[in-house]
Amino acid sequence: MSHNLDKNMPPFVDEVVASKHGVDLPIRVFPLPASSSAHPSPWIVYIHGGAWSTGQHFSPLPWILNGFHTSGFHIVSVSYRLLPYARLDDMVEDVEDSTQWARDNLERIVGTGNVDLDRFAIGGASAGGTLAVLLGQRTSPAPLAVFDIYGAVDLLSPGFYNISSRLASDVVPYLPGADEGELLAELTSTDLSQAITFCPINTQLPLETLREGWQSDTVVYGERIERQINMRHAMRKYKMLINVLLRWDQFDNDEAYMAHVRSLNPVDGISSSSPPTYILHGDADVLVSIDQSRELARRLRKVGVDVGESFVSGVGHVFDAVYTSPQVAGYDKVIQPCLDFIVKHVGQ
């Protein structure tokens, strides 16, 4: 997952959805330019990725911003509390709360009569794709469409628990001063007051570069960010990411734990009332196998849900970061079909 810096992002409004256990839940709204539509416009909720442990809501993927604005949508980029203190059900709650907040507040931000609150879609990338599919199944009123960008949608998929050693911390070493014993002990903490809502994947970039690229003065480096990055490395080194995400340490037996996993496993929540769904994935993705997306598409079609897909040969995770504008080769075959699918189901 890249830092995704964008010094030229369109105008936005930053607000706070709520404070949970003393942790603010920020949100960034990118309104359509005032002259873009003479009618109330639809909107999307976008959820960032980062292995549920890093990432940021400040700067969505470039094609999200230019593609959905060009297609006539307001864009709401949401945050959520990160691992290990918050777990998957906490994240689902955060994004659901942010979606409801947007319904209650978007008109105030974009102007009276400029948004149709009932016409919206939810989407996300990687970890955000997981959350987007889950929100599509749970939130009320339901979105009119979902888009899933290489998300982990089958948490019980063979091999997904034992994420390959290519992701391990012996390849990406801990930052200086890390105490591995303390990090591992921290992975079982449920102290939600310690959670944070954004974190860079490393501290290699100068802080001012990161602040400028994310257009936020709230970004800081320091012990808390370094601990977050090191905890992510520890989860991957010991292949604990999914178990921490799903609170394995809170269950007395495997049967109860697996029932909990299935209750939060996106492909197990599919029904005939699931929203129309567009899926983007590369077949060379070693972080999340494209087989998960194929299974999602298969199960949705089986119950009669409309599905679109851009399954791209020879590319890996975050392959879509190259699509910075419609002029980039392949945009018309990979990105535009997703935008058209959302417009078809949500309308303009």
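Ala 18 stands opposite Leu 25 in β2, and this strand (residues 23-30) runs antiparallel to β1 (residues 13-20), to which seven bridges join it. Strands count as paired if DSSP finds at least two bridges between them, while the strands (E, at least two residues) and helices (H or I, at least four) are themselves DSSP runs, numbered from the N terminus. The model is predicted, so local features need pLDDT of at least 70 and side-chain atom pairs count only at pLDDT 80 or more, whereas totals for chains, interfaces and linings use all residues. Residues are numbered from 1 along each chain as its sequence is written, and side-chain values use heavy atoms, leaving out hydrogens and water.

Two residues lie between β1 and β2 in their hairpin, and His 21 in the turn has a positive phi of about 55°. Most residues other than glycine have a negative phi, and most peptide bonds are trans.

Ser 126 counts as buried because its relative accessibility is 8%, whereas Gln 215 is partly exposed at 28%; buried means under 20% relative accessible area, exposed over 50%, and partly exposed in between, with a 1.4 Å probe and protein chains only.

The peptide bond from Leu 83 to Pro 84 is cis, with omega near 0°, and Pro 84 is found in the loop between β4 (74-78) and α2. Another cis bond joins Ser 140 and Pro 141.
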